[in-house]
Amino acid sequence: MSRKHHQFKGAEVSCCVKYFLFGFNIIFWLLGAAFLGIGLWAWAEKGVLSNISSITDLGGFDPVWLFIVVGGVMFILGFAGCIGALRENTFLLKFFSVFLGLIFFLELTAGILAFVFKDWIKDQLNFFINNNVKAYRDDIDLQNLIDFAQEYWLCCGAHGPNDWNQNIYFNCTELNPSRERCGVPFSCCIKDPAGDVLNTQCGYDVRLQGELAQQEFIHTKGCVGQFEKWLQENLIVVAGVFVGIALLQVMVCECNTDSDERSGLMCCDNYFVKLEKAVLLPWEFLRLPPAG
């Protein structure tokens, strides 16, 4: 019995390229689903999903947005690249390539603008930190993010401990009834290496003392300055990470372009053909229709 071969419009996708893209994108897709799931779970725990209007109530930055946006983009791109590669759907591959190229262009533009407008970026960073200092107690995820930053960079506030005067719970006004008045969060405190239990009250009343006395109990350097110092000390590592991500994007985008333009090669292993039929049978409708 002779096998019937369908002839497709345009060139077939190279088999080796095809399964390389599948392997890359399936990981990308699963990571996106995980990020998106974590973000939705965090919103569900905070009751945001049951009250959508509360999204705009937070005065500062909600870190969950990072998981939602990044996870959503990764999920959509991973789906397009994965299914497009295995089903030889050039529309999905072109969508993946264009979207990835757009992201690369935005990253490149952001990097150039950040280098050219360093002072403006620094001012925006100051504004961002101060705005989130005000909202420190409004959201548990934001609170954990600020605590992590202050503990990691050994800092306190944007420029120093007095930045916490902007928070209604820590300001030093006479009308402030909070027990945390004239204090700082525990993440500003200098940790005792011998201490086994975390003292969350170590920052109480600390700003009632002089600056020299404060240095015995808390970090007095601002997070903006400490972040700049960390960036300069780790510039090669940070630049290497960004260059690596950019090269990966260019390589995958180039593979997608090549897979659209050149003729298909013989399949590397019959196993992949069986895998394709078993896993992607529900997506059969996405295959390009045969020529009439």
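Helix 2 passes helix 3 in a left-handed crossing, and the model we are looking at here is a predicted one.

Q: At roughly what angle do the axes of helix 2 and helix 3 cross?
A: Start with residues 64-86 for helix 2 and residues 90-116 for helix 3. Their axes come within 8 Å, and the crossing angle is roughly 140°.

Q: Which word describes how helix 2 and helix 3 lie to each other, oblique or roughly antiparallel?
A: Their axes cross at roughly 140°. Roughly antiparallel needs an angle over 145 degrees. Helix 2 and helix 3 are therefore oblique.

Q: How many residues in the contact of helix 2 with helix 3 are charged?
A: From helix 2 come V73, I76, L77, A80, G81, I83, G84 and A85, and they meet L92, L93, F95, F96, F99, L100 and I103 of helix 3. Sorting these residues gives 13 nonpolar and two polar, and the number of charged ones is none.

Q: What percentage of residues 64-86 is helix?
A: UniProt, in an unreviewed entry, lists residues 64-86 among its "transmembrane region" features. In the model, the end C-alpha atoms of this stretch are 32 Å apart.

Q: How far apart are the end C-alpha atoms of residues 98-117?
A: Residues 98-117 also carry the "transmembrane region" feature in the unreviewed UniProt entry. Here the chain is 95% helix and 0% strand, and the end C-alpha atoms are apart by 28 Å.

Q: How many residues apart in sequence are the parts that the pair C155 and C223 ties together?
A: The structure holds four disulfides, and one of them joins C155 to C223 with an S to S distance of 2.0 Å. This link is right-handed, with 85° about the S-S bond. Because C155 lies in the loop between helix 5 and helix 6 while C223 is in helix 7, the pair ties together parts whose separation in sequence is 68 residues.

Q: Which residues of helix 7 make the contact with helix 4?
A: The axes of helix 4 (residues 118-134) and helix 7 come within 10 Å and cross at roughly 130°, which makes the two helices oblique. The crossing is right-handed. The contact residues divide into four nonpolar, one polar and two charged. Helix 4 brings K122, L125, N126 and I129, and helix 7 brings V224, F227 and E228.

How values were computed: Residues are numbered from 1 along each chain as its sequence is written. This is a predicted model: local features need pLDDT of at least 70, side-chain atom pairs count only at pLDDT 80 or more; totals for chains, interfaces and linings use all residues. Side-chain values use heavy atoms; hydrogens and water are left out. Axes are lines fitted to C-alpha atoms, for helices over the stretch in contact, and angles run from 0 to 180 degrees between N-to-C directions. Helices (H or I, at least four residues) and strands (E, at least two) are DSSP runs, numbered from the N terminus. Angles under 35 degrees count as roughly parallel, over 145 as roughly antiparallel, 65 to 115 as roughly perpendicular and the rest as oblique. A crossing is left-handed if the near helix is turned anticlockwise from the far one by less than a right angle, and right-handed if clockwise. Contact means heavy atoms within 4.5 Å. Ala, Val, Leu, Ile, Met, Phe, Trp, Tyr, Cys and Pro count as nonpolar, Asp, Glu, Lys and Arg as charged, and the others, Gly among them, as polar. UniProt positions are given in the numbering used here, feature names are shortened, and annotations may be inferred rather than shown by experiment. A disulfide is a pair of cysteine sulfur atoms within 2.5 Å.
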